[in-house]
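Hi everyone, thanks for coming. I'd like to walk you through a structure that may be new to you, so let's bring it up on the screen.

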Amino acid sequence: MNNRIPRAKGFTLVELLVVMTIIAVLAGGIFAAAQGAIARTRRLQGTQIAVALAQSIASFRDDNNRYPFPGGTKQEKHQSDNTFMVNLTGKDDTINKKRENYLSGLPMAKGATSPASGVYIKGDTTSVFDPWGNYYEIYLDHDGDDEITNPEGNEPLPMKIAVISKGQDMTLS
């Protein structure tokens, strides 16, 4: 006579918990890697837009013998908002006599809400946003000494144009 009790088919609770734990650990690792890749992509995109924007400003300066500001302002720090950007689009011929669009090489933003990366044009409004939906800070050498104010407050920087994104946390670090 066989005194064995027939064992039920299936998995025990412990086995199921072990499998679920393994799946959770793997999913967490994949999620962290994906988040890191997204952050690196945003930083790269922000840098590419900043470089293209600086080149656009330099091209405007070369073609028009001045920076693209209404009223000939001599302030050194600017934002990539409408006041500054509209002259780079060619919509206003007061400063941009040829009406050339210096922003044509930059990506277009889908809207003006965060995160909207690139050039946003709607009606008379033109802005350039970083990948986190913020304006770029633009520093220019207005006095011709080939130096601009260092945003970190240290020695002046030996350049004519600097375009800076402060990133998601709005700091330079």
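This is a predicted model: local features need pLDDT of at least 70, side-chain atom pairs count only at pLDDT 80 or more; totals for chains, interfaces and linings use all residues.

Let's begin with strand E1, residues 77-79, which pairs with E4 in the antiparallel sense over 3 bridges.

Now, which strand do 4 bridges join to E4? That is strand E5, residues 161-164, and E4 and E5 run antiparallel. Here, Ile138 has Val163 in E5 as its bridge partner.

Let's stay with E4, residues 137-140, and look at its side chains. Glu137 and Tyr139 point one way from the strand, while Ile138 and Leu140 point the other way. Are these four buried or exposed? All of them are buried.

Let's step back to the whole protein. There are 2 helices and 5 strands, and along the sequence they follow the pattern α-β-α-β-β-β-β. The radius of gyration is 27 Å, well over the 16 Å that the globule rule gives for 173 residues, so the protein is more spread out than a compact globule. Along its principal axes, the C-alpha trace spans about 105 × 40 × 20 Å.

Buried residues make up 32% of the 173 residues. Among contacts with a separation of 6 or more, 54% are between residues 24 or more positions apart.

Last, the surface and the charges. The protein exposes about 11,300 Å², with carbon and sulfur atoms supplying 56% of that area. It has 18 positive and 19 negative side chains, and the centres of the two sets lie 15 Å apart.

Methods. Residues are numbered from 1 along each chain as its sequence is written. Side-chain values use heavy atoms; hydrogens and water are left out. The radius of gyration is taken over C-alpha atoms; the globule rule is 2.2 Å times the number of residues to the power 0.38. Buried means under 20% relative accessible area, exposed over 50%, partly exposed in between (1.4 Å probe, protein chains only). Contact means heavy atoms within 4.5 Å. Accessible areas come from the Shrake-Rupley method with a 1.4 Å probe; for residues, only the protein chains shown count as cover. Lys and Arg count as positive and Asp and Glu as negative; His and the chain ends are not counted. The place of a charge is taken as NZ of Lys, CZ of Arg, CG of Asp or CD of Glu. Two strands pair if DSSP finds at least two bridges between them.
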